[in-house]
Amino acid sequence: MDLLSSTPFSPIRHGLPSDFPALENDVTCDVAIIGAGVTGALAALHVAEAGFSVVVLDRRDVAQGSTAGSTGFLQYEIDVPLHRLARRLGEPDAVASYHACRDAVRHIGTLVRRLGLQADFAPRASLLLASRPRDEATLRREFAARERAGFSVEWWDRRAVARGSTLPHTAAILSRCGEAAEIDAYRFTHGLLAAARARGAIVCDRTAVAHTRPTARGVVLTTDRGARVRARHLVIAAGYEADVFLPEKVTALHSTFALVSEPLAAFPGWPADRALIWETAEPYVYLRTTVDRRILLGGLDEPFRDPVARDRLLGAKTGALLRRFRRWFPQIKLEVAYAWAGTFATTPDGLPFIGVHAARPHTFFALGYGGNGITYSLTAARILRDRLLGRVNREARLFEFSRDARSGRAEK
Ligand SMILES: Cc1cc2nc3c(=O)[nH]c(=O)nc-3n(C[C@H](O)[C@H](O)[C@H](O)COP(=O)(O)OP(=O)(O)OC[C@H]3O[C@@H](n4cnc5c(N)ncnc54)[C@H](O)[C@@H]3O)c2cc1C
């Protein structure tokens with residue numbers, strides 16, 4: 001699958017921090033992971049730190065799937081608002097899902113500090129804008145739900161928005177600094193894989209898994225180079241290409257667009273100390289500043305995945321993103337450095353699929369679909385580690401494949 005157009009920014013800026021061999025010989029391990037994006041890298045590190053032998057395989061160079069195109073927002077706020085998720089799942093499970101995302105943002109910060117990773121990580125506030133005045137009532141309901149759930153939020157009315165920014169919006173929810181963060185997902189992934197390798201993990205790229213076969217005691221993988229991996233457990237961290245490992249389709253694939261500016265000296269009119277910003281409209285626009293003083297702007301998703309049609313739209317989408325930006329920040333002269341398009345997966349409830357599937361023995365799926373892909377990747381790694389160690393993980397049931405059948409409250 002063609003996951004990205006040709007110029008995602010981070011690999012251009014940071015090059016190849018380290019390289020990895022292809023797998024040429026047969027190998028045996030406790031855990032084999034398919035995919036060396038941010039999900040596979042987090043899984044590899046957690047499993048290696050827990051004392052298991054790990055082999056990670058990727059058909060591309062590592063981190064060159066969706067992870068290379070990510071804009072690196074880390075938020076507890078998922079694509080389905082909390083008050084709507086509560087209607088679907090019931091309030092306790094909806095709140096627990098949101099809390100899991102908030103915990104994941106914090107765990108990622110802790111991991112970056114503990115390992116000393118160069119990942120452009122910074123804690124931030126996050127501002128959710130009412131795109132139109134008529135969205136205000138829904139935003140109010142969302143604010144109440146978040147306050148009830150214990151999030152550190154503040155209501156901004158028209159005056160507060162005007163006082164704190166040049167934004168023309170009439171209302172917004174501010175999630176205070178530390179509830180959100182930003183990261184460079186590509187650098188983060190390279191750092192994680194280096195740390196996993198230092199703990200004994202074998203990481204191989206340019207090695208596609210062509211075939212998997214369950215056995216009585218595990219799984220045998222055959223690669224396109226003919227080498228075999230025998231593992232007690234298989235982890236599928238193949239991102240938006242994971243469908244081939246599942247008996248049914250669990251996602252819808254979309255196209256999404258992003259751009260990054262040249263560095264800027266200042267950000268006049270930017271709210272709340274360079275908060276992450278997004279809005280209630282669907283599809284939405286989102287933007288943030290970067291540690292090296294650029295602006296990242298993205299969104300305007302389209303509900304198809306055809307990469308040719310997607311890349312043909314890149315110029316028009318870049319223009320539309322810029323027009324929106326100029327309305328919101330008339331004092332900032334933004335010059336586009338790079339623009340790119342990517343494939344993106346969503347689920348009906350905005351939650352990922354993490355866990356085992358009845359049709360695939362000895363196999364754990366770590367599919368962080370949705371706008372919060374990276375926080376889900378962290379959650380998946382912790383659930384996986386706990387499962388292997390036989391520990392209880394209270395978040396595991398929230399994201400399992402069977403959750404809709406359990407809740408019996410599917411919202412249409
Ligand atoms: C433009 C864009 C912006 C985004 N912005 C954000 C954001 O701001 N915040 C956020 O949280 N998320 C964001 N996302 C989503 C986020 O990037 C993804 O959730 C995350 O990168 C997924 O990581 P992954 O490791 O699961 O998948 P990937 O990075 O795609 O990694 C999967 C890997 O599996 C490998 N693979 C697949 N099949 C095989 C096989 N058979 N054999 C061997 N290897 C295989 C692939 O080569 C690939 O490298 C964005 C995505 C896009 C496209």
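The legends below describe close-up views of a predicted model.

**View 1. Strand β2 is covered on both faces.**
Strand β2 spans residues 54-57. Val 54 and Val 56 lie on one side of the strand, and Val 55 and Leu 57 lie on the other. These four residues are all buried, which leaves both faces of β2 covered. In a regular strand, side chains alternate between the two faces of the sheet.

**View 2. Strands β1 and β2 pair in the parallel sense.**
Strand β1 covers residues 27-34, and four bridges join β1 and β2. At one of these positions, Ala 32 has Val 55 of β2 as its bridge partner. Between the two strands the chain passes through helix α2, residues 38-49. This β-α-β crossover, from β1 through α2 to β2, is right-handed.

**View 3. Strand β2 also pairs with strand β7.**
Strand β7 is made of residues 202-204. The two strands run parallel and are joined by three bridges. Leu 57 has Cys 204 of β7 as its bridge partner. Leu 57 is also one of the buried residues of β2. Cys 204 is likewise buried, at 2% relative accessibility.

**View 4. The cysteines form zero disulfides.**
A disulfide is a covalent bond between the sulfur atoms of two cysteines. Here a pair of cysteine sulfur atoms must lie within 2.5 Å to be counted. Cys 101 is buried, with a relative accessible area of 1%. Cys 204 is in no disulfide either; its nearest cysteine sulfur belongs to Cys 29 and is 10 Å away.

**View 5. The ligand is surrounded by 37 residues.**
The closest residues are Thr 39, Asp 58, Arg 60, Thr 67 and Thr 71. A polar side-chain atom of Thr 39 is 2.6 Å from an oxygen atom of the ligand. Val 38 places a backbone N or O atom 3.2 Å from a ligand oxygen atom. For Ser 66, a backbone N or O atom is 3.0 Å from an oxygen atom of the ligand. The ligand taken alone exposes 1000 Å², and the protein buries 98% of that area.

Which of them gives the most to the shell? Strand β15 does, with three residues. Helix α2 is also the helix of the crossover between β1 and β2.

Definitions and conventions:
Residues numbered from 1 in each chain as written. Predicted model: local features only at pLDDT ≥ 70, side-chain atom pairs only at ≥ 80, totals over all residues. Heavy atoms only, no water. Buried < 20%, exposed > 50% of the residue type's maximum accessible area, 1.4 Å probe, protein only. Pairing = 2+ DSSP bridges. Right-handed = clockwise from strand over helix to strand, strands pointing away. Near = heavy atom within 4 Å. Polar contact = N/O pair within 3.5 Å; in protein donor to acceptor, adjacent residues only side chain to side chain. Areas by Shrake-Rupley, 256 points an atom, 1.4 Å probe, with all protein chains shown as cover.
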